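Me: I would like to learn how to read helix packing and a nonpolar core. Please take me through one example.

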Amino acid sequence: MKKAEATVVPSNGWRTAEWIQKAYGISKTTYYELRQQCLVSEYKDAVVQINSRKSFIRENRWQDFLESLSNDFLAEHYGI
């Protein structure tokens, strides 16, 4: 893959694992931990699983998932 191709963002909102990791500044390990949490949540439709080795993330639903994690954290730690 050429470097320019790696920065192309599809207009459908689907992202690769690599794109999510880079855009959100998270490691591969953190990405897969979050992905696993997402798959067992009400936001599981954020993950588009093509086969056992390839998946995409629907970024709008991924952001909803991350916001729910944030809300849970804030409620648990700060009561807000």
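Me: At roughly what angle do the axes of helix 2 and helix 4 cross?

Reply: Axes are lines fitted to C-alpha atoms, for helices over the stretch in contact, and angles run from 0 to 180 degrees between N-to-C directions. Helices (H or I, at least four residues) and strands (E, at least two) are DSSP runs, numbered from the N terminus. Here the axes of helix 2 and helix 4 cross at roughly 50° and come within 13 Å. Helix 2 is therefore oblique to helix 4; angles under 35 degrees count as roughly parallel, over 145 as roughly antiparallel, 65 to 115 as roughly perpendicular and the rest as oblique.

This is a predicted model: local features need pLDDT of at least 70, side-chain atom pairs count only at pLDDT 80 or more, and totals for chains, interfaces and linings use all residues. Residues are numbered from 1 along each chain as its sequence is written, and side-chain values use heavy atoms, with hydrogens and water left out.

Me: What is the handedness of the crossing of helix 2 and helix 4, and which residues make the contact?

Reply: A crossing is left-handed if the near helix is turned anticlockwise from the far one by less than a right angle, and right-handed if clockwise. Helix 2 passes helix 4 in a right-handed crossing. Trp-19, Ile-20 and Tyr-24 of helix 2 make the contact with Glu-59, Trp-62, Gln-63 and Leu-66 of helix 4, where contact means heavy atoms within 4.5 Å.

Me: Is Glu-59 buried or exposed?

Reply: Buried means under 20% relative accessible area, exposed over 50%, partly exposed in between (1.4 Å probe, protein chains only). Glu-59 counts as buried because its relative accessibility is 12%. Beyond neighbours within four places in sequence, Glu-59 is in contact with Gly-13, Arg-15, Trp-19 and Tyr-24.

Me: How do helix 2 and helix 3 cross?

Reply: Their axes come within 10 Å and cross at roughly 110°, so helix 2 is roughly perpendicular to helix 3. This crossing is right-handed. On the helix 2 side are Ala-17, Ile-20 and Gln-21, which meet Lys-28, Tyr-31 and Tyr-32 in helix 3.

Me: Which residues make up the largest nonpolar core?

Reply: A nonpolar core is a set of buried Ala, Val, Leu, Ile, Met, Phe, Trp, Tyr and Cys residues joined through side-chain atoms within 4.5 Å. The largest one has eleven residues: Ala-17, Ile-20, Tyr-31, Leu-34, Cys-38, Tyr-43, Ala-46, Val-47, Ile-57, Trp-62 and Phe-65. Helix 3 gives the largest share, three residues.
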